[in-house]
Amino acid sequence: MSRSTIVLLLVAACGGAASLTAVRQAATNRNATEHDRARDALLLEANGASFQPVLAVVEMNQQAISTGGIVGLRPQEALRAPDGELALMPNTCIRRGPVAARSAASTYLLKKPEGTIVVARLTPVVHLREVHVARCSATCAEAAVPALRSAARLGVRQVSAIAFEETTYSYELVVETCDPAPAAR
């Protein structure tokens, strides 16, 4: 029996579940290839040495530094200054809702020889692909906002020592749709 015959039999037996799995796997493979290609180009353009920052734990009730005039800082991002050293709290979620965790921005920190820190961001441009199935699987709930978050200590004390580089890549997000469950009597 050929592989395509087995796949067709599985699709027929599982009500489309195998086709949803196959669509998701193909999208995952394309997404990984697009991500890696864009990441390599971004890091080459940023031209710095990658470093692992020390993480600072930040209480969300602490005051953030005024972000007015900081080109490249996004909404819901903050610069904090525990002990005077700047720490970046990035906003990696690019899509709110039950599938938010599946589509997030990546942040890479690089240091140039003169001491400038480059915050290099790789952001997916999400294209939804809906696949209709007979019966939906369980959904995930949106996570609550934590009272404590971590921020990356950048090793600099002046905002002028931070530069932002950005690029995007195409990301296919496969979501299942289904008919609503019949109402209980």
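Is R121 buried or exposed? R121 is buried, with a relative accessible area of 1%. The model is predicted. Its salt bridges come to seven. Side chains of opposite charge can pair when their charged atoms come close. Three of these pairs are set out below.

**R121 and E166**
- The side chains of R121 and E166 form a salt bridge, with N to O at 2.9 Å.
- This pair links distant parts of the chain, 45 residues apart.
- R121 sits in strand β6 (residues 117-133), and E166 sits in strand β8.
- E166 counts as partly exposed, at 40% relative accessibility.

**R30 and E172**
- R30 meets E172 in a salt bridge of 2.3 Å, N to O.
- R30 belongs to helix α2 (residues 17-46) and E172 to strand β8 (residues 162-178), so the bridge ties together parts 142 residues apart in sequence.
- R30 is partly exposed, and its relative accessible area is 41%.
- E172 has 16% relative accessibility; buried means under 20%, so E172 counts as buried.

**R129 and E172**
- R129 also forms a salt bridge with E172, and their closest N and O atoms are 3.4 Å apart.
- E172 is in strand β8 and R129 is in strand β6, so this pair ties together parts 43 residues apart in sequence.
- R129 is partly exposed, with a relative accessible area of 37%.

- Which residues do salt bridges with shared partners join into one network? They are R30, R129 and E172.
- E172 pairs with R30 and with R129.

Technical notes: Residues are numbered from 1 along each chain as its sequence is written. This is a predicted model: local features need pLDDT of at least 70, side-chain atom pairs count only at pLDDT 80 or more; totals for chains, interfaces and linings use all residues. Side-chain values use heavy atoms; hydrogens and water are left out. A salt bridge is a side-chain nitrogen of Lys or Arg within 4 Å of a carboxyl oxygen of Asp or Glu. Helices (H or I, at least four residues) and strands (E, at least two) are DSSP runs, numbered from the N terminus. Buried means under 20% relative accessible area, exposed over 50%, partly exposed in between (1.4 Å probe, protein chains only).
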